[in-house]
Amino acid sequence: MKTRNIKTKARIALTGKWSGAVLASLTYIAVTYLSNYLLLLVSGGTSTPALLSAYTISLILSLLLLLFHAGVRLYFLRLARGEEAGLISIVEAYRSQPDRFLISGFLRCLPFYAVSVPLLFSDSSSPLITAFTVICAIAGAACLLIYGLTDLLLFAHPEFGALDALRESRRLMQGNKLRLFRLYLSFIGWLLLIVLSLGIASPWIIAYFEETFCCFYESIEK
């Protein structure tokens, strides 16, 4: 299915459901801002213990946020399938064997975690650190493409462990990575609208993107 058709399917799925979808997006935005605010409260020290403490808290918060985002995706997946989608869906990952989501989330974000550690204690302008950062960024982007379906697969297959879902996501994405990359690129204009609207358009655009992503998953999972 072409990107245009997937986005059309997403808009159809959202028809009459925009209020709930925007509320789900607003909740996710609020939780993200709260997480960042808590991180700011514990940051600021320059000593090694302070840096390690801030890094540890950042890691914990990011993993908890991954669980929340998985629930948001479940909400939009249910819309894509024409099912009843209540806001309670957004906390489903906390109740549905959360260790699976935590492990898979940690493994997917490992490149980003890897690059953040040396940046804490090194000169970020160093050519070696710059090269390492670029390599980890590329690896992280590849992980987003290859393993981006993991959370949805964990919901769809309660019997899957974290590694099972990662392997299945990799299998499903064979031959589909370019399609997903094009789908991401198709939202660049919408991202500019977020900037131009000073963030006001964020809840609608996030809802549209998440619904489109779930429709993409539906198009290759069957």
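Helix 5 passes helix 9 in a right-handed crossing. In this predicted model, helix 5 spans residues 98-108 and helix 9 spans residues 162-172, and their axes come within 8 Å of each other while crossing at roughly 50 degrees. On the side of helix 5, the contact involves Arg 100, Ile 103, Ser 104, Leu 107 and Arg 108, which meet Ala 162, Leu 163 and Leu 166 of helix 9. By residue class, this contact of helix 5 with helix 9 comprises 5 nonpolar, 1 polar and 2 charged residues.

The crossing of helix 11 and helix 12 is left-handed, and the contact is made by Trp 190, Leu 193 and Ile 194 from helix 11 together with Ser 202, Ile 205 and Tyr 208 from helix 12. The residues of this contact of helix 11 with helix 12 divide into 5 nonpolar and 1 polar, with no charged residue among them.

Helix 11 (188-196) and helix 12 (202-221) also take part in the lining of the largest pocket, to which each supplies at least two residues, as do helix 2 (18-42), helix 3 (48-80) and helix 7 (127-146). The volume of the largest pocket is about 890 Å³. Its lining consists of 31 residues, and those lying nearest the centre of the pocket are Tyr 28, His 69, Arg 73, Leu 144 and Glu 210. When the lining of the largest pocket is divided by residue class, 20 residues are nonpolar, 7 are polar and 4 are charged.

Key: Residues numbered from 1 in each chain as written. Predicted model: local features only at pLDDT ≥ 70, side-chain atom pairs only at ≥ 80, totals over all residues. Heavy atoms only, no water. 1 Å grid on protein atoms, 1.4 Å probe; cavity = no way out; pocket = protein on both sides within 12 Å on 5 of 7 lines; lining within 4 Å. Points joined across faces, edges and corners; volume = space filled by probe spheres on them. Helix = DSSP H or I, 4+ residues; strand = E, 2+ residues; numbered from the N terminus. Nonpolar A, V, L, I, M, F, W, Y, C, P; charged D, E, K, R; others polar. Axes fitted to C-alpha atoms, helices over the stretch in contact; angles between N-to-C directions. Left-handed = near helix turned anticlockwise from the far one by under 90°. Contact = heavy atoms within 4.5 Å.
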